[in-house]
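Biologist: I'm new to this one. Can you put it up and walk me through it?

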Amino acid sequence: MSRGNPTSSSLTPTDDALIAAIRSGDERALAHLYRLHWPMVSHFVLQNSGSEDDAQDVYQEGVMVFYEKVRDGSLELSCQIKTYLYAVCRRLWLKRLTSKSRFGVRLLDDEEHGPYLNTGAEEDVLAAEEQDRRFATMSEALNHLGEPCRSLLEGFYLLDKSMQDLTSEFGYTNADNAKNQKYKCLVRLKKLFFAHYKEEPI
Amino acid sequence: MMTEADYYALFEAYSHGELAGPARTSLEARLSADPDFALRYADFTELTGTLRAYGRRQQTRQQLRGLHAAMLAAEAPAEAVVAEKPATGLTHTVNPMLRISRTERKLREFWSGHRATVGVAASVAVMAVFATLLGLDIWRNSHLPTRSGYQALRLEINNLKHNQKVLDKTIKRIDGGVAPPLAPVSKFSGTGFALTSEGYLVTSYHVIQGADSLLIEGKNHQRYHAEPVYSDIKHDLAILRITDRKFTGFGRLPYAIKSGQADLGERVFTLGYPREDVVYGEGSLSARSGFEGDTAFYQVSIPVNPGNSGGPLLDERGNLIGVVSGRQNDAQSAAFATKSSYLVRLVDSLAATAKATAPYHLPRYGQLAGSGRPQQLKKLQDYVFVVKVYEKD
């Protein structure tokens with residue numbers, strides 16, 4: 001299978017257009033995509049002993065994986081978006097079920113969604129899991145950092161506030177002071193983050 | 001000496017491209033020359049990269065949550081959009097949204113969540129029911145010594161004999177001798193007694209049921225071939241005739257056959273072959289009807305065993321009053337015997353159509369009245385036989 005060829009014939013023109021629109025940051029395109037495939041995933045999860053909330057969680061995770069890859073431009077789609085999303089969500093749900101259940105898990109699949117294997121979803125989900133772990137460690141490290149470092153760093157890196165705004169918000173005398181404080185916080189964060197992140201096995 | 005924080009300021013400026021020419025070149029030179037320094041820079045980029053990605057992830061999550069809420073809030077418009085799209089060239093098939101009530105949704109969720117458990121529970125219940133029934137049945141059977149159990153034992157002995165013969169035959173064949181044809185082996189046996197001095201006998205129908213050939217064996221091991229003449233399935237009677245040419249007759253029968261009914265409480269006895277030797281059993285006539293109220297039978301309190309079937313039932317004076325037929329398994333010593341009146345009636349109807357060469361002459365007078373039981377039995381023994389039944393394999 002020739003993965004890594006985004007113009008492969010199995011992609012419909014609509015899929016291509018949709019991906020292009022999402023990459024350019026069109027929120028309406030994302031909303032459309034979201035609405036389009038929700039019934040499929042919701043049906044799948046409900047059919048496999050999940051609830052409506054489970055379906056929503058799984059679907060949002062799945063769309064997240066897709067969306068982040070589209071935005072990074074690292075998406076290599078060898079099938080329809082629909083099939084890809086199905087494969088990703090299937091993998092995610094399987095993982096949750098296995099961790100929940102004492103018995104072996106067997107999934108009921110809708111045949112119409114075709115070959116969900118070899119869609120590259122497996123690797124993408126694994127990469128996403130690794131990313132999740134990294135973010136969880138980061139969140140942990142931020143929680144341990146304490147105020148005002150945490151708010152300062154979140155303000156700058158997460159919420160994209162300018163240094164001037166932060167200076168006045170935190171009551172520093174000038175922007176350089178704020179910057180110095182930020183770097184010190186960053187150093188502490190680095191220690192916390194790498195201490196936890198490197199410990200865990202990859 | 002620069003602190004780590006100073007380095008971070010430098011790195012940030014560098015990564016944002018704000019560093020002036022000479023400072024930039026010296027930094028790049030140091031990055032390529034000093035691995036520790038390069039590692040420090042890598043850590044910095046990873047840290048800030050992760051921070052930014054984390055921020056983006058949170059935004060996206062928020063966005064998706066908003067999308068989902070908006071979709072749920074405007075389900076009808078969402079459906080409209082979905083419905084419109086195919087018209088604009090969309091090739092996807094979309095699962096229709098199911099509209100179901102709240103209770104039904106709950107039920108569906110319960111069912112889909114516990115389907116496997118419910119299935120397992122149901123099959124366990126079904127299996128438990130069947131196991132209980134089967135167990136009860138086995139228990140009940142094992143606590144009742146049934147006549148079929150006893151017969152199975154006889155059958156096994158016969159099988160043993162059979163196997164021995166086969167073995168003999170095999171040995172002979174190995175020795176090179178010509179093996180004689182294998183004699184058929186008796187499968188069942190019962191009791192029979194003489195009906196007339198000319199060679200008619202009586203036994204129970206169920207003894208000879210399915211018989212291929214019959215062999216009559218007396219007390220002194222004299223053997224005769226016999227053939228069934230008439231069977232009365234309803235009253236469990238069978239009339240046999242000895243077919244051997246050398247057979248001359250039984251001589252005068254010591255008992256008479258009673259055509260009337262016997263009285264309740266009469267002392268009765270029987271002779272039979274439940275095993276190889278003749279066995280005597282006595283008791284009294286306990287009822288004038290048989291199993292489930294069948295008036296063709298008497299109930300007698302004589303302990304009988306498989307093999308007793310077809311034996312004569314006699315009263316104190318040595319008159320034949322019945323033919324032993326069976327017993328009730330779940331009652332204490334309740335045996336049943338066909339009334340002799342039915343036998344007399346059967347013989348009368350046969351006598352009307354009998355051939356002149358083989359007439360029926362029923363014994364009219366008994367010779368046993370007045371003598372003691374051992375004397376009676378001595379005389380009787382010569383007229384009671386083993387009926388051996390052979391079946392084709």
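Biologist: Which residues of H8(B) are buried?

Modeller: Ser340(B), Tyr342(B), Leu343(B) and Val347(B) are buried in H8(B). Buried means 20 or more other C-beta atoms within 10 Å of the residue's own; exposed means 12 or fewer, and partly exposed is in between, with C-beta atoms placed from the backbone. Helices (H or I, at least four residues) and strands (E, at least two) are DSSP runs, numbered from the N terminus.

Biologist: What should I know about the model and its labels?

Modeller: This is a predicted model, where local features need pLDDT of at least 70, side-chain atom pairs count only at pLDDT 80 or more, and totals for chains, interfaces and linings use all residues. Residues are numbered from 1 along each chain as its sequence is written, while chains are lettered from A and ligands numbered from 1 in the order in which they are written.

Biologist: What covers the buried residues of H8(B)?

Modeller: The cover includes strands E2 (200-203), E5 (237-242), E10 (320-327) and E11 (335-339) of chain B.

Biologist: How many residues does helix H8 of chain B have?

Modeller: It has 13, residues 340-352. From first C-alpha to last it reaches 19 Å, close to the 18 Å expected. The expected span is 1.5 Å times one less than the number of residues.

Biologist: Which residues have the most contacts inside the largest nonpolar core?

Modeller: Leu201(B), Val202(B), Val268(B), Val300(B), Leu313(B) and Ala337(B), in a core of 54 residues. Such a core is a set of buried Ala, Val, Leu, Ile, Met, Phe, Trp, Tyr and Cys residues joined through C-beta atoms within 7 Å. E5(B) gives its largest share, five residues. A second, separate core of 37 residues includes Val65(A), Tyr86(A), Ala87(A) and Val125(A).

Biologist: Take Val268(B). What is it in contact with, leaving aside neighbours within four places in sequence?

Modeller: Its partners include Glu282(B), Leu285(B), Val300(B), Ile302(B), Leu313(B) and Ile321(B). Contact means that two C-beta atoms, placed from the backbone, lie within 7 Å.

Biologist: New topic. How many helices and strands are in chain A?

Modeller: Eight helices and zero strands. Chain B comes to nine helices and twelve strands. Buried residues make up 34% of the 202 residues in chain A, and 27% of the 393 in chain B.

Biologist: How many residues of chain A are in contact with chain B?

Modeller: 38, and they meet 33 residues of chain B. Helices H2 (27-47), H3 (52-72), H5 (121-145), H6 (149-158) and H8 (175-199) of chain A each give two or more residues to that side. H2(A) gives the largest share, eleven residues. By class, the side has 23 nonpolar, nine polar and six charged residues. Here Ala, Val, Leu, Ile, Met, Phe, Trp, Tyr, Cys and Pro count as nonpolar, Asp, Glu, Lys and Arg as charged, and the others, Gly among them, as polar.

Biologist: What span should H5(A) have?

Modeller: Its 25 residues should span 36 Å, and its end C-alpha atoms are 35 Å apart, which agrees. Its buried residues include Ala121(A), Val125(A), Met138(A) and Leu145(A). After H5(A) comes Gly146(A), with a positive phi near 85 degrees.

Biologist: And which phi does His221(B) have, positive or negative?

Modeller: Positive, about 65 degrees, although it is not a glycine. Most residues other than glycine have a negative phi. His221(B) lies in the loop between strands E3 (213-217) and E4 (223-232) of chain B. With 7 C-beta neighbours inside 10 Å, His221(B) counts as exposed.

Biologist: What about Asp236(B), buried or exposed?

Modeller: Asp236(B) is buried, with 27 other C-beta atoms within 10 Å. Its phi is also positive, about 60 degrees. Asp236(B) is found in the loop between E4 and E5 of chain B.
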